[in-house]
Amino acid sequence: MENSEGVKIESTVVTEEPLISALDIALFVVIITVAYFWYFKRDKQSSSSEKKPYTIQPSSLSSIEQTSNSSFIKKLKSTGRSLVVFYGSQTGTAEEFAGRIAKEGARYKMKGMVADPEECDMADLVEMKEIQKSLAIFCIATYGEGDPTDNAMDFYEWLQNGDADLEGLNYAVFGLGNKTYEHYNEIAIYIDQRLEELGATRVHEIGLGDDDANIEDDFVSWKEKLWESVCSHYGIEETGEESNIRQYKLVDCSEVLPERIFSGEISRLKSYENQRFPFDVKNPYLSKIAVNRELHKSGDRSCMHIEFDIDGSKMRYDTGDHVAVYPKNSSELVDKIGELLNADLDAVFSLLNTDEESSKKHPFPCPCTYRTALTYYLDITSNPRTHIMKELIEYASDPKDQEKLKLMASSTPEGKKEFHEWILRDNRNIVHILEDLPSVKPDLDHLCELLPRLQCRYYSISSSPKVYPKSIHITAVLVNYTTSTNRVNKGVATNLLAQLIPTNDELPQPTIPIYIRRSQFRLPPKSQTPIIMIGPGTGLAPFRGFIQERDYARKEGREIGEMVLYFGCRKKDEDFIYENELQEYVANGTLTKLHLAFSRDQPEKKYVTHLLEQNADESWNIIGEKSGHLYVCGDARSMAKDVHSIIVKVVMEKGQMTNSQALNYVKKMEQQKRYSADVWS
């Protein structure tokens with residue numbers, strides 16, 4: 001036999017065995033020693049915790065806390081609230097809208113709270129009727145191919161699969177979508193209808209916000225009518241009280257130890273120093289930039305081919321997936337805000353939620369410096385919404401500046417026009433506003449509360465894991481443009497990436513946080529299935545991965561189907577990206593057909609859609625006669641819509657169908673994942 005340390009103990013027979021052996025004594029001593037140290041260590045920890053002064057601890061996502069806070073009904077009842085606003089948000093806009101509604105509830109004697117459905121037991125909706133004059137509002141975004149946001153997925157599935165009796169639940173829904181996409185506001189529309197089917201009462205008609213136009217205007221208009229319906233439904237009146245109440249309070253954290261201060265991490269403190277798998281939206285991987293090279297041959301525009309090193313990360317991706325890149329704002333803009341507000345950007349602070357029941361204790365990781373918040377956590381380059389204009393009014397010392405802000409914050413036709421022209425058309429961000437309205441000097445902590453969170457940027461992966469298992473490639477156009485006020489606005493992510501050039505020496509290589517987002521943009525399961533790919537400009541990105549994967553299969557000796565690619569750019573000698581690669585794939589037979597459209601190499605502009613119309617027989621042969629797949633990647637506003645119209649026309653003419661039959665045929669292709677789009681507006 002062996003003891004706990006693996007030392008062999010031989011058994012022998014003895015005639016007289018003592019009552020207490022040496023082994024018993026040794027074990028007894030060990031037990032007493034362990035008990036002694038455990039007791040005094042615990043006592044020491046208890047004493048030290050009692051003496052510990054109050055500090056703001058870094059925010060973290062505690063699963064224990066989330067579980068205990070899952071009953072929003074208990075929170076409503078214990079705090080005397082009757083309004084709960086749920087949000088399904090992918091970029092933060094829906095969450096922002098939810099906060100504004102909950103805040104305004106006070107004007108109608110409805111104390112409100114914001115709730116993340118992912119952190120709530122949504123089955124508790126059946127108990128809302130127990131709260132007098134209660135109301136549940138849903139601000140729900142639709143993204144992707146008509147998908148719910150990540151945090152609303154469980155709620156969406158609960159509605160689909162459940163049959164809860166929601167009689168007595170009063171509700172309203174506002175959807176956030178984009179009309180350039182086929183599945184416009186599909187999730188919000190479904191939730192609105194499904195709640196009614198389950199017996200709930202719709203207090204106000206659904207609002208549909210269009211991000212391709214002016215979603216702020218859509219929201220404000222809907223919100224005003226919402227409160228009219230609420231007053232009518234509950235027999236209440238507006239109190240007239242202003243709702244400019246701070247949601248967070250400032251806490252001085254100058255005494256917090258440096259190792260407890262966030263420096264740009266998304267969620268977990270020191271997560272970039274101590275990387276832990278798995279990597280996701282709240283725990284990105286700090287990837288080295290392995291390659292960063294220019295793809296354009298000439299001209300004043302830039303397109304970058306960038307390779308992220310994921311060797312050793314355990315990260316896996318599939319062809320067609322997206323990679324999320326976490327950017328940071330330029331130091332020039334951050335310093336400008338500090339200069340305009342005469343603020344110490346290196347002061348350490350925290351913003352603590354004034355609502356103790358809220359699961360969201362801070363608007364972003366705290367404590368941190370103002371410089372860190374403005375660099376990593378806050379969006380300082382987008383157009384501010386009208387509620388920010390409203391909150392800035394009190395900080396304007398010049399009556400003219402005050403009146404301008406009041407006008408833009410109003411919902412009058414004149415106010416909407418002014419906001420559209422001065423903010424949206426002229427593309428002003430918060431820095432420009434502070435420059436052009438010099439008397440506006442908001443407290444920096446309040447400004448940090450008001451500004452939305454800086455979001456990660458998604459790029460189609462332009463490589464195949466079969467060929468590049470240890471790296472992720474992207475194809476990105478550098479975004480720089482001059483506004484009507486003669487300012488140069490720069491894309492946050494692409495301008496950062498342009499600066500991250502790897503070196504050949506032993507210096508540390510540039511890094512950037514990333515994670516992989518799964519996509520439904522997939523090659524057919526069978527390599528023999530023929531496909532058509534339509535991707536002008538950087539729309540070529542995922543198809544580069546598709547072609548690599550099929551080429552890999554061909555080299556393995558497997559049969560591959562026809563691959564037809566439509567690619568377009570301005571000029572062949574200027575921005576024909578990956579030209580040599582594509583020509584090589586044509587030469588070796590992987591790429592069956594390469595249809596090229598150079599829009600500015602001839603007097604009349606020629607686009608990929610023109611070529612698609614000319615090749616109707618080829619298209620029908622693949623998608624009709626051979627049941628192949630069709631893929632579109634790129635601009636959703638015009639190109640993708642034109643492609644859809646052309647394909648419907650091809651099906652009508654070559655398939656000898658009516659318009660209705662052709663539309664149904666294409667719809668069926670989409671349902672079967674034979675017609676897939678990865679587009680943006």
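User: Is His-183 buried or exposed?

Analyst: His-183 counts as buried because its relative accessibility is 19%; buried means under 20% relative accessible area, exposed over 50% and partly exposed in between, with a 1.4 Å probe and protein chains only. Bear in mind this is a predicted model, where local features need pLDDT of at least 70, side-chain atom pairs count only at pLDDT 80 or more, and totals for chains, interfaces and linings use all residues. Residues are numbered from 1 along each chain as its sequence is written, and side-chain values use heavy atoms, with hydrogens and water left out.

User: What does the side chain of His-183 make a polar contact with?

Analyst: The side chain of Glu-186, at 2.8 Å. A polar contact is a pair of N or O atoms within 3.5 Å; within protein, one must be able to donate a hydrogen and the other to accept it, and residues adjacent in sequence count only if both atoms are side-chain atoms.

User: OK, switching to H22. Which residues of H22 are buried?

Analyst: Ala-662, Val-666, Met-669 and Glu-670.

User: Which exposed residues are on the face turned away?

Analyst: Asn-664 and Gln-671 sit on the face of H22 turned away from its buried side.

Definitions and conventions. Helix = DSSP H or I, 4+ residues; strand = E, 2+ residues; numbered from the N terminus.
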